[in-house]
There are 2 protein chains.
Amino acid sequence: MKFMEDRILKDGQVRPGNILKVDSFLNHQLDVKLLNEVGKAFYERFKDKGVTKILTVEASGIAIACMTANYFGTPVVFAKKSKSRNLDGDLYTSVVHSFTYGIDNTVTLSKKFLGADDKVLIVDDFLANGKAVNGLLDICRQAGAEVVGIGIAIEKGFQRGGDDLRERGYDLLSLAVVDEMSDTRIVFRKEA
Amino acid sequence: MKFMEDRILKDGQVRPGNILKVDSFLNHQLDVKLLNEVGKAFYERFKDKGVTKILTVEASGIAIACMTANYFGTPVVFAKKSKSRNLDGDLYTSVVHSFTYGIDNTVTLSKKFLGADDKVLIVDDFLANGKAVNGLLDICRQAGAEVVGIGIAIEKGFQRGGDDLRERGYDLLSLAVVDEMSDTRIVFRKEA
């Protein structure tokens, strides 16, 4: 979508190691007006899918998930990256490697918040190798929940995560797909 | 406020160790309609304070912060609990002990997102001993930013955090203050 591409061109910064810094609007400071546009775009695409839950993983995914849920009128459920003493009862768990933080995270979700009756829209700020989304898909599989769509703010199209999900048949909407980036330019994939 | 007290009575669960579980609506599954009410209540109280930034700490604070920022029309900035490889440049840092997770967290915030011109509303889901809020206050002090208010969804009034902040002169709005709780009852503080 043009609004996300325009914002990346305006405020994104490319850093060594294929890092696209968007911390001024997406994952440290949050431009809530932009996030509202993200939620609205996801709603327009997935509004007829019978969504019952918006699923994401902490932390920055929570912002997008809340803005999206505002349009759908459904609850958000977010997977947690560390096991809290407050979490009790049965948990779904899946192991996710974070390239950003360089560690394996076990993501967990209380079984009581996701079940076989749910139609799930998974959302997140970034999709690169797809590890986080695949962890959430694994949790949905364990729950017997149906994944009706995946909404991503920014996909790194030069990594395999997004295309792998498309090949597996998931209905994936990435608002901007970066196919190439360097100090001097960012190339977006044309919308299909 | 009555809407938060009512929801705690309806869906909160008291567990051993003074734990009040509200994970069905506030910090694991998120009732976005309720969070909108929280944001609206914070806006009504602090709308004349010239707020320029909503400040919180990951993870569940992000949800409340976004819903609050929706009313104020300002950005959110959230402090991070672990240092990411993506974070570069100068950082404000403060050490916060999490009783929930049983560990010390160093919370960090990029200096570029908070400065001496900012008027800050700090928000979070819970206030108990006050460690998280005090970490955010420490960061604001380092930034030279003015803290114009603190908005909390649920305060454990039987711990010292909230009353300590009030004694130090902060304008603190807690939507529900739990003064006593047990398996059989929850007692709220009457509004001043």
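This is a predicted model: local features need pLDDT of at least 70, side-chain atom pairs count only at pLDDT 80 or more; totals for chains, interfaces and linings use all residues.
**Exercise 1. The shared sheet**

Solution. Next, look at the two ends.

**Exercise 2. Strand pairings, one by one**

Task: Find the sense in which β3 of chain A pairs with β5(B), and the sense in which β4 of chain B pairs with β8 of chain B.

Solution. Take the pairing between the chains to begin with. Strand β3 (residues 29-30) of chain A runs antiparallel to β5(B), with 2 bridges between them. Now move into chain B. Here β4 (residues 53-57) and β8 (residues 119-127) are paired in the parallel sense, over 3 bridges. One place to check is K53(B), whose bridge partner in β8(B) is V120(B).

**Exercise 3. The side of chain B that touches chain A**

Task: How many residues of chain B are in contact with chain A, and which element supplies the largest share of that side?

Solution. Begin with the count: 30 residues of chain B contact 30 residues of chain A. Then sort them by element. At least two residues each come from β2 (19-21), β3 (29-30), α2 (32-46), α3 (61-72) and β5 (76-79) of chain B. The largest share, 6 residues, belongs to α3(B). Finally, sort by class: this side of chain B holds 16 nonpolar, 9 polar and 5 charged residues.

**Exercise 4. The symmetry of the pair**

Solution. The superposition takes a turn of 180° and a shift of 0.0 Å along the axis, and gives an RMSD of 0.0 Å. The two copies are therefore related as by a two-fold rotation axis. To locate that axis from chain B, go to A59(B), whose C-alpha is the nearest to it in that chain, at 2.5 Å. Last, compare the contact residues: 100% of those of chain B recur in chain A, so to speak the same surface serving both copies.

**Exercise 5. One side of a helix**

Task: Which residues of α2(A) are buried, and where do they lie around the helix axis?

Solution. First get the helix itself: α2 (residues 32-46) of chain A has 15 residues and reaches 21 Å from its first C-alpha to its last, close to the 21 Å expected at 1.5 Å a residue. Within α2(A), the buried residues are V32(A), L35(A), V38(A), G39(A), F42(A) and F46(A). Because they cover an arc of only 105° around the axis, they lie on the same side of α2(A).

Key: Residues are numbered from 1 along each chain as its sequence is written. Chains are lettered from A and ligands numbered from 1 in the order in which they are written. Two residues are in contact if their C-beta atoms, placed from the backbone, lie within 7 Å. Helices (H or I, at least four residues) and strands (E, at least two) are DSSP runs, numbered from the N terminus. Ala, Val, Leu, Ile, Met, Phe, Trp, Tyr, Cys and Pro count as nonpolar, Asp, Glu, Lys and Arg as charged, and the others, Gly among them, as polar. Two strands pair if DSSP finds at least two bridges between them. Copies are superposed by least squares on the C-alpha atoms of residues with pLDDT of at least 70 in both. The expected span of a helix is 1.5 Å times one less than its number of residues. A residue is buried if 20 or more other C-beta atoms lie within 10 Å of its own, exposed if 12 or fewer, and partly exposed in between; C-beta atoms are placed from the backbone. The arc is that of the directions from the helix axis to the C-beta atoms.
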